[in-house]
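Please look over the model below.

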Amino acid sequence: MRFRSLQALALSGLLIVVGASSATAADKDTLVIALDTLGAQVMDPIMDTRAPHAHYHAPVWDSLVGFDFEKGGIGPGVAERWELAADGKSWTFYLRKGQRFHNGDPLTAHDVKFSLERVMSPESISSGAAALKRAIDRIEVLDDLTLRVHTKGVIP
């Protein structure tokens, strides 16, 4: 009897997986993410007290810098390149042209400034807020595709 119950459970699980796979394969414009749990996570990055989770944050938000999968290490993200000032107290980020939000609005340096300042806001309980508050003095928009992050000291 126990063996039959396990067989029925395994078969029903297989049917659910196969059914879900075939249903999602038909819709090419829908991103489906399977997670073991989303119990404690939230989708608002300033309310997430844990480190960013690539499995559900990355498909929704882009990072200012990302990973260079070919060479290894840090690579372009929203910023195509960046420069450290000679005195080591500011970083200038040059954003990639042509980036847009899901609604078609262009992404600008003002948006990046807003996002960084929002993570550092008093309302934020983000895991990265304290480090950003300690490191960043101010953020300056130079033009629509360029911003400079002034740090409180030399931050490599």
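The report starts with the model as a whole and then turns to single residues.

## Model and confidence

This is a predicted model; local features need pLDDT of at least 70, side-chain atom pairs count only at pLDDT 80 or more, and totals for chains, interfaces and linings use all residues. Residues are numbered from 1 along each chain as its sequence is written, and side-chain values use heavy atoms, with hydrogens and water left out.

The pLDDT is the predictor's confidence in each residue, from 0 to 100. The protein chain averages 80, and 71% of the residues score at least 70. Over residues 11-15 the pLDDT is below 50. Beyond near neighbours in sequence, that stretch has 0 contacts in the model. A contact here means heavy atoms within 4.5 Å.

## Overall fold

The protein chain has 4 helices and 6 strands. Helices (H or I, at least four residues) and strands (E, at least two) are DSSP runs, numbered from the N terminus. From that end the elements run α-α-β-β-β-β-α-α-β-β.

Of the 156 residues in the protein chain, 26% are buried. Buried means under 20% relative accessible area, exposed over 50%, and partly exposed in between (1.4 Å probe, protein chains only). Take the contacts between residues at least 6 apart in sequence: 41% of them join residues at least 24 apart.

## Strand pairing

Two strands pair if DSSP finds at least two bridges between them. Strand S3 (residues 79-84) and strand S4 (residues 90-95) run antiparallel and are joined by 5 bridges. Leu84 stands opposite Trp91 in S4. The hairpin of S3 and S4 has 5 residues between the strands. Gly88 in this hairpin takes a positive phi near 75°.

S4 also pairs with S6, in the antiparallel sense, over 5 bridges. Here Tyr94 stands opposite Thr146 in S6. Strand S5 (residues 136-143) runs antiparallel to S6, with 6 bridges between them. Asp143 stands opposite Thr146 in S6. S5 and S6 form a hairpin with 2 residues between them.

## Thr151 in strand S6

How many of the residues of S6 are buried? The count is 5 of 6, so S6 is mostly covered. Thr151 lies in this strand, which spans residues 146-151. Thr151 is buried, at a relative accessible area of 10%.

The side chain of Thr151 reaches the backbone oxygen of Gly153 at 2.6 Å. Leaving aside neighbours within four places in sequence, Thr151 is in contact with Gly88, Lys89, Ser90, Trp91, Ala135, Ile136 and Asp137.

## Aromatic rings

A pair of aromatic rings is described by the distance of the centres and the angle of the planes. Rings of Phe, Tyr and Trp (its six-membered ring) pair if their centres lie within 6.5 Å; planes under 30 degrees apart count as stacked, over 60 as edge-to-face and the rest as tilted. By this rule there are 2 aromatic pairs. Phe67 and Phe69 form a tilted pair, 6.2 Å centre to centre with 45° between the planes. Phe67 is exposed at 61% relative accessible area, and Phe69 is exposed at 76%.

Trp82 and Phe93 form a tilted pair too, 6.5 Å centre to centre with 35° between the planes. Trp82 lies in strand S3 and Phe93 in strand S4, so the pair ties together parts that are 11 residues apart in sequence. Trp82 is partly exposed, at 26% relative accessibility. Phe93 is buried, at 10%.

A charge also sits over a ring. Arg81 lies over the face of Tyr94, at 3.8 Å from the ring centre. The rule asks for NZ of Lys or CZ of Arg within 6 Å of the ring centre and within 35 degrees of the ring normal.

## The loop between H3 and H4

Ser124 is in the loop between helix H3 (109-119) and helix H4 (129-135). Glu123 is in the loop between H3 and H4 as well. Which of these is buried or exposed? Ser124 is buried, with a relative accessible area of 8%, whereas Glu123 is exposed, at 54%.

Leaving aside neighbours within four places in sequence, Ser124 is in contact with Ile46, Arg118, Val119 and Ala129. The C-alpha atoms of Glu123 and Ile46 are separated by 7.6 Å, although the two are 77 residues apart along the chain.

The side chain of Glu123 makes a polar contact with the side chain of Ser121 (3.1 Å). A polar contact is a pair of N or O atoms within 3.5 Å; within protein, one must be able to donate a hydrogen and the other to accept it, and residues adjacent in sequence count only if both atoms are side-chain atoms.
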